[in-house]
Amino acid sequence: MKESPIIIALDVECVEQARDLVDRIGDAATFYKVGMELYAAAGMQFVDELIGSGKQVFLDLKFFDIGETVKRAVAQVARRQIRFLTVHASSQVMRAAAAGKA
């Protein structure tokens, strides 16, 4: 089966709803977005669960803070196999995020 180019937004309020949606979709999609609401409910453990089951993850957390904090947070994310991450910032903070990825 050809990989789907669609990213499924898991914009739900709890991990049980997210798991149910992923289970119902099955192999029809392999790429999921985890936003702030689900992340607040389920944390990085659910992100790791998705990755562990062979799914790709877009972590839509819109990091926005001082440069050093964003750099360190991005370094934590970069340790995992997360495909995309959102950062809202000034050019200085964007440079810090890029440094955290390195």
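Predicted model: local features only at pLDDT ≥ 70, side-chain atom pairs only at ≥ 80, totals over all residues.
Let's begin with Lys55, which sits in the loop between H2 and E3. Is Lys55 buried or exposed? With a relative accessible area of 12%, Lys55 is buried, because buried means under 20%.

Which residues does Lys55 touch, leaving aside those up to four places away in sequence? They are Val22, Gly26, Asp27, Ala29, Thr30, Tyr32 and Leu50. Take Ala29 as one of these: the C-alpha atoms of Lys55 and Ala29 are 8.5 Å apart in space, while the two residues are 26 apart in sequence.

## Helix H1 and its two sides

Val22, one of the residues touched by Lys55, belongs to helix H1, which covers residues 15-25. The buried residues of this helix are Val15, Ala18 and Val22. Looking down the axis of H1, you would find these buried residues within an arc of 60°, so they line one face of the helix. They pack against strand E2 (31-35) and helix H2 (36-52).

Now look at the face of H1 turned away from the buried side. Here you will find the exposed residues Glu16, Asp23 and Arg24. After H1 comes Gly26, which has a positive phi, near 60°. Gly26 is also among the residues that Lys55 touches.

## A network of salt bridges

Side chains of opposite charge can pair when their charged atoms come close. How many salt bridges does a search of the whole structure find? The search finds six.

Asp60 belongs to strand E3 (residues 56-63) and Lys33 to strand E2, so the pair ties together parts that are 27 residues apart in sequence.

Asp60 has another partner to look for: Asp60 and Lys62 form a salt bridge whose closest N and O atoms are 3.1 Å apart. Through shared partners, salt bridges join Asp11, Lys33, Asp60 and Lys62 into one network. Which of these residues are buried? Both Asp60 and Lys33 are, with relative accessible areas of 10% for Asp60 and 13% for Lys33. Lys62, at 32% relative accessibility, counts as partly exposed.

## Where H3 meets H4

Next, find helix H3 (residues 67-78) and helix H4 (residues 91-101). Their axes come within 7 Å and cross at roughly 30°, and the crossing is right-handed. On the H3 side, the contact is made by Gly67, Val70, Lys71, Val74, Ala75 and Ala78. H4 contributes Val93, Ala96, Ala97, Ala99, Gly100 and Lys101. What classes of residue make up this contact? There are eight nonpolar, two polar and two charged residues.

Helix H4 also holds Arg95. At 56% relative accessibility, Arg95 counts as exposed. From the C-alpha atom of Arg95 to that of Ala78 is 15 Å, and the two residues are 17 apart along the chain. Ala78 is one of the H3 residues in the contact with H4.

Definitions and conventions: Residues numbered from 1 in each chain as written. Heavy atoms only, no water. Axes fitted to C-alpha atoms, helices over the stretch in contact; angles between N-to-C directions. Helix = DSSP H or I, 4+ residues; strand = E, 2+ residues; numbered from the N terminus. Left-handed = near helix turned anticlockwise from the far one by under 90°. Contact = heavy atoms within 4.5 Å. Nonpolar A, V, L, I, M, F, W, Y, C, P; charged D, E, K, R; others polar. Buried < 20%, exposed > 50% of the residue type's maximum accessible area, 1.4 Å probe, protein only. Arc of directions from axis to C-beta. Salt bridge = Lys/Arg side-chain N within 4 Å of Asp/Glu carboxyl O.
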